[in-house]
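Here are some notes to read alongside the model. Please keep the structure open and find each residue as it comes up.

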Amino acid sequence: DGADSRMLEDALYAFGFGLTCSYVKPFGAGHINETYAVYMPSEQGDELSYVLQRVNTNVFNDPAGVMDNIFGVTEFMRTAIRKEGGNPDRETLSYIKTKNGRNYFEDEKGQPWRCYNYIPDSVCYQEVERPEQFYQSAYSFGHFLKQLGNYPVDSLNETIPDFHNTVKRFAAFEQAYQRDIQNRVDSCRDECDFVLKRKADCGILIQQQERGVLPLRVTHNDTKLNNILFDAETGKGLCIIDLDTIMPGLAANDFGDSIRFGASTAAEDEKNLDLVHFDIELYRLYVKGYLDATKDVLTQEELESLPWGARLMTLECGTRFLTDYLQGDTYFKTAYPEHNLVRARTQFRLVEEMEKEFEGMKQIVREYFI
Ligand code: ADP
Ligand code: MG
Ligand code: MG
């Protein structure tokens, strides 16, 4: 609307493009932020030069903390990439500062805007089309962890507290189950029992973290395929983007979440459970890519935590869907009343299959790190 387009214009002026840019248009297929492509005049005609984003403050209520994390990490990445002999202008995002020298601009409504360099000659895929892309995605997220291996993790802001605290996620479920405010427990006894039986599992990685057995790493926390830009020429993973959820966390979390959605044969809300399977060959491919990038930086304990990460991130996700179902669908967007229950069922189906194949999953990790 009018107010919004005025904010967009204010943002363009704040970053110094107000008078010089040719035009601006909505860009990309993100679901969280509002993303715009900024075109600048050049000798070859108008050129996509910058990406301007309005950060979603419903999701991120500490935008300053988010911006701070991204600035620290991307500046550190530039140095790491230079050391590797890479090109920091293409292999990491970096902030374009405002005319006042700030990392972001706050408009009249208090909404935060930031601006990145556009990564030229890159492609972004919404879905895995060829298995090679899944391997590349694993390698890229692994490489990202490795490049940030010496980053001072303690200096990161925990912008979404307890994001992957599986013990607290379990406790939230248990409370929703006991209160049963929507009288829905009767319609999902089996699913509730499924979670209740796995209370001990929920503590496995958290306890190792608390005892200092597993180190905190810089984790990305949104390791989807469309958060990687691929090199248009070589088809290789080029640049990790969408850094809003960077936080201290376990390597097994990022790894596990990628397996959760990437090694499943069906959509997250598939109603026909006969179609939902954990594909161990896709898992193998991801392990290979991830360990090709990280096997000399992950500790022995971290390597062994990876299969648990896959199980627990999937259990956590299903538990969150089920909790939301019990509470009346207040968090996840739903298209019909049982939507969250359907989603929970797909996740629990995957967990069951992972549990059956757990020895095989561990064996695959061992094969690739020896
Ligand atoms: P969201 O959190 O909404 O997913 P993203 O930061 O992932 O936002 O941006 C949405 C899309 O915009 C990306 O999937 C990608 O296609 C495109 N994009 C974002 N930043 C850049 C960039 N610097 N260079 C090229 N494409 C980008
Ligand atoms: Mg994204
Ligand atoms: Mg995002």
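1. Which backbone oxygen does the side chain of Ser122 reach? The model is predicted, and in it the side chain of Ser122 comes to 2.8 Å from the backbone oxygen of Ile119. Ser122 itself belongs to strand S6, which covers residues 122-123.

2. Is Ser122 buried or exposed? Its relative accessibility is 18%, and buried means under 20%, so Ser122 counts as buried. Beyond its neighbours within four places in sequence, Ser122 is in contact with Leu229, Phe230, Ala232 and Leu238.

3. Next, the domains. The domain assignment of the protein chain gives domain 1 (2-120) and domain 2 (131-369). Their C-alpha centres lie 29 Å apart. At the contact between them, 22 residues of domain 1 touch 22 residues of domain 2.

4. The shell around ligand 1 takes at least three residues from each of domain 1 (2-120) and domain 2 (131-369). There are 19 residues around ligand 1, and those that come nearest are Asn33, Gln53, Asn117, Asn226 and Asp242. Sorted by class, the shell has 9 nonpolar, 9 polar and 1 charged residues.

5. For Asn227, a polar side-chain atom lies 3.1 Å from an oxygen atom of ligand 1. Ile119, whose backbone oxygen is reached by the side chain of Ser122, also has a polar backbone atom 3.2 Å from a nitrogen atom of ligand 1. On its own, ligand 1 has 550 Å² of accessible area, and the protein covers 95% of this.

6. Leu93 sits in the loop between helix H3 (88-91) and strand S4 (105-106). Its relative accessible area is 5%, so Leu93 is buried. Leaving aside neighbours within four places in sequence, the contacts of Leu93 include Tyr116, Asn117, Ile119 and Asp242. Of these, Asn117 and Asp242 were also listed among the residues that come nearest to ligand 1. Leu93 and Met77 are 16 residues apart along the chain, with 8.9 Å between their C-alpha atoms.

7. Arg78 deserves a check for burial. Arg78 is part of helix H2 (residues 63-83). Is Arg78 buried or exposed? With a relative accessible area of 13%, Arg78 is buried, because the cut-off for buried is under 20%. Apart from neighbours within four places in sequence, Arg78 is in contact with Pro88, Asp89, Thr92 and Ser94.

8. The last point concerns helix H11 (residues 300-327), where Thr323 is found. Thr323 has a relative accessible area of 8%, so this residue is buried. Once neighbours within four places in sequence are left out, Thr323 is in contact with Ala172, Phe173 and Ala176.

Definitions and conventions:
Residues are numbered from 1 along each chain as its sequence is written. Chains are lettered from A and ligands numbered from 1 in the order in which they are written. This is a predicted model: local features need pLDDT of at least 70, side-chain atom pairs count only at pLDDT 80 or more; totals for chains, interfaces and linings use all residues. Side-chain values use heavy atoms; hydrogens and water are left out. A residue is near a molecule or strand if one of its heavy atoms lies within 4 Å of it. A polar contact is a pair of N or O atoms within 3.5 Å; within protein, one must be able to donate a hydrogen and the other to accept it, and residues adjacent in sequence count only if both atoms are side-chain atoms. Accessible areas come from the Shrake-Rupley method with a 1.4 Å probe; for residues, only the protein chains shown count as cover. Ala, Val, Leu, Ile, Met, Phe, Trp, Tyr, Cys and Pro count as nonpolar, Asp, Glu, Lys and Arg as charged, and the others, Gly among them, as polar. Domain bounds come from an automatic or database domain assignment. Helices (H or I, at least four residues) and strands (E, at least two) are DSSP runs, numbered from the N terminus. Buried means under 20% relative accessible area, exposed over 50%, partly exposed in between (1.4 Å probe, protein chains only). Contact means heavy atoms within 4.5 Å.
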